[in-house]
Amino acid sequence: MTDAGENRIDQIVARHRGDGSRLVQILREVMAVRGWIPPSTLTELAQALGLPYAHIAGVASFYSFFATEPRGRFRVLFSDNITDEMAGSRELRVRMLDAFHLQLNEVSHDGLVSVGTTSCTGLCDQGPALLVNGVPIARLTPARIGAICSLIRGGSPVELWPENLRRIDSHVRRGDMLFETPLAPGDAIAAAAARGAAATLEEVSASGLRGRGGAGFSTGSKWKACAAAPGPERYVVCNADEGEPGTFKDRELLVHRADLVIEGMTVAALAIGACQGFIYLRGEYPFLIAPLEQLFAERRSKNLLGRDIRGIRGFDFDIELHVGAGAYVCGEESALIESLEGRRGIPRNRPPYPVTHGYKNKPTIVNNVESLAAAALVARHGAAWFRSVGTAKSSGTKVLSVSGDVARPGTYEYPFGVSVQQVLGDAGAAEAQAVQVGGPSGMLLAPHEFGRRIAFEDVPSAGAFMVFGASRDMLAAIDNFTRFFAHEACGFCTPCRVGTTLNAQMMARIVAGKGSRRDMKDLGRVSALMKATSHCGLGTTAGNPVVDALSKFRPAFEARLPSLAVLPTFDLDEALAPAREATARDDAEAHFLEDPQ
Ligand code: SF4
């Protein structure tokens, strides 16, 4: 790694047009060149971009892929997603730490290597996985760990490591509408143009298409609200930042149907009158950057991006790629927009919503990868065709990322309404004791619920489908989820910042056999408090796995307590006293008093 020539800070900033809104992209390049971001570099960046030092430092410290302290020249980050842990990632991590005589997060004395952890890498169908200087490596085994250690000692850049080591596999096990319907480039745009913008908005509404990122909001309503917002400038953002542990279906859609997704973005642009689009790509998917850039170029050469698209006078639209830097909260649409503008990914106060005040405060739609692919097909084949698949309230299909204790992990696309049991059967799950649908923020289902259906009216899902076999320790899984939320909370609001940490601490005590009934009760109370008072969806859903597990796997909790009569290990109400003092609150809601019941 060198910081001369084109890698000088002024050159990096110049490549990004000196545009401070590209700060996250600039910092990614700095990390790639220097391995960390020292204070002197923050100063250089502040001067080159004309931004306050505190702003640059704040952004650099927010994203987990950036380091403001020295790291090894080879920065290894093991995924600590639960399915990777189930597949042995902890043992492999210890093996590598032992090989380099390191502790976790320690830098070797020669500065060569550091080993840490990261949240899910989006490779749960081929885990365990890790990142080396941001490059993902999957299908880890003791032999592959040995090979990685040798390559690190040899010092060759990870980009030059054997292809077999860096290969990302594809496991689309079942396709339906999105994976199987052919679409010639430009056909959906032509159909939308023939119909007209207003009629296209109506067609998307009539299709019943709902957002596939989790919230399930009507895509047609979102597009209409944006189209109706005042002002000439509008934006289309494709949210490809799937950070929910256990979710990797957007990765597969972008591998196999990226053209369909871009077609959907272009249809959206035509319908709402946008001139610029962004794909916000998950930072863990660097292998998709070159193919996407190539696709943009191909579509420009075919007049499917750029000026006067398909000869439609005045229809100008192009797309820019923005790569994330390891912040789960950026999956929330307003946090994603903050990140697009070069800031920390802190969710905005809503309203106003992005459809009226989004990117650069202009009307913006943010749609999931899967939603945009579906929108392209709606434009081409019509609402009735789309509605002919699925259920009354959930039209079309759902793509699921199936991982965990199954014989055939991978991506499965089903018409909405498919039963959990059928997915388990197709994926080869034997004796499942639980399924976490929709990732840690979703629903934990016990066997008596396996007849339930994947649909907005029953079990909604952003895509993750994590299977736990009969021998798994469910408390370890919930412990993993609470640690994930505590790590990913952005820190903006107190209920989530404090609540996720408290939940993680209480779960750790219970898993270690040191918990109490008070911990069990407080887990429920803290989760309810977070749901009621948190600023964004991360906090409102962070308690879901705890609440589900307490109601469906209660005997497992009680069996882990040293005694059902044991006293609490500390007084939670007393622990919150400094927070009450800092916020000048002493009302009943600010206390955690023991329920007299
Ligand atoms: Fe940040 Fe959590 Fe509050 Fe959302 S709920 S703003 S992630 S602290």
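The model is predicted, so local features need pLDDT of at least 70 and side-chain atom pairs count only at pLDDT 80 or more, while totals for chains, interfaces and linings use all residues. Residues are numbered from 1 along each chain as its sequence is written, and side-chain values use heavy atoms, with hydrogens and water left out.

I start with the whole chain. There are 27 helices and 14 strands; these are DSSP runs, H or I of at least four residues for helices and E of at least two for strands, numbered from the N terminus. The C-alpha atoms fill a box of roughly 75 × 60 × 55 Å along the principal axes. A compact globule of 597 residues would have a radius of gyration near 25 Å, and this chain has 24 Å, which agrees. That radius is taken over C-alpha atoms, and the globule rule is 2.2 Å times the number of residues to the power 0.38.

The domain assignment gives domain 1 (3–62), domain 2 (74–169), domain 3 (173–387), domain 4 (397–472) and domain 5 (482–597). Such bounds come from an automatic or database assignment. The centres of domain 1 and domain 5, over C-alpha atoms, are separated by 39 Å.

Next, the cavities. On a 1 Å grid over the protein atoms alone, a cavity is a set of points where a 1.4 Å probe fits but cannot get out; a pocket is an open set with protein on both sides within 12 Å along at least five of seven lines; and lining residues have an atom within 4 Å of a point. Grid points are joined across faces, edges and corners, and a volume is the space filled by probe spheres set on the points. A search of the whole structure finds four cavities of 30 Å³ or more.

The largest cavity has a volume of about 160 Å³. Its lining has 19 residues, with Gly 243, Glu 284, Gly 326, Ala 327 and Tyr 328 nearest the centre. Where does the largest cavity lie? Domain 2 and domain 3 both give residues to its lining, so it lies between them.

The second largest cavity has a volume of about 90 Å³. Of its 13 lining residues, Cys 490, Phe 492, Cys 493, Cys 496 and Cys 536 lie nearest the centre.

Which cavity holds the ligand? The ligand sits in the second largest cavity, where sitting in a cavity or pocket requires more than half of a molecule's atoms to lie within 2 Å of its grid points.

Now an open site. The second largest pocket has a volume of about 1200 Å³. It is lined by 41 residues, and Arg 28, Ala 32, Asn 133, Gly 134 and Glu 159 are the closest to its centre. The lining comprises 21 nonpolar, eleven polar and nine charged residues. Its largest share, six residues, comes from α2.

Last, the backbone. Most residues other than glycine have a negative phi, and most peptide bonds are trans. The bond from Gly 127 to Pro 128 is cis, with omega near 0 degrees, and Pro 128 is in the loop between β2 (113–118) and β3 (130–132). The bond from Pro 351 to Pro 352 is also cis. Arg 139, in the loop between β4 and α7 (142–154), has a positive phi, near 50 degrees.

Conventions:
Ala, Val, Leu, Ile, Met, Phe, Trp, Tyr, Cys and Pro count as nonpolar, Asp, Glu, Lys and Arg as charged, and the others, Gly among them, as polar.
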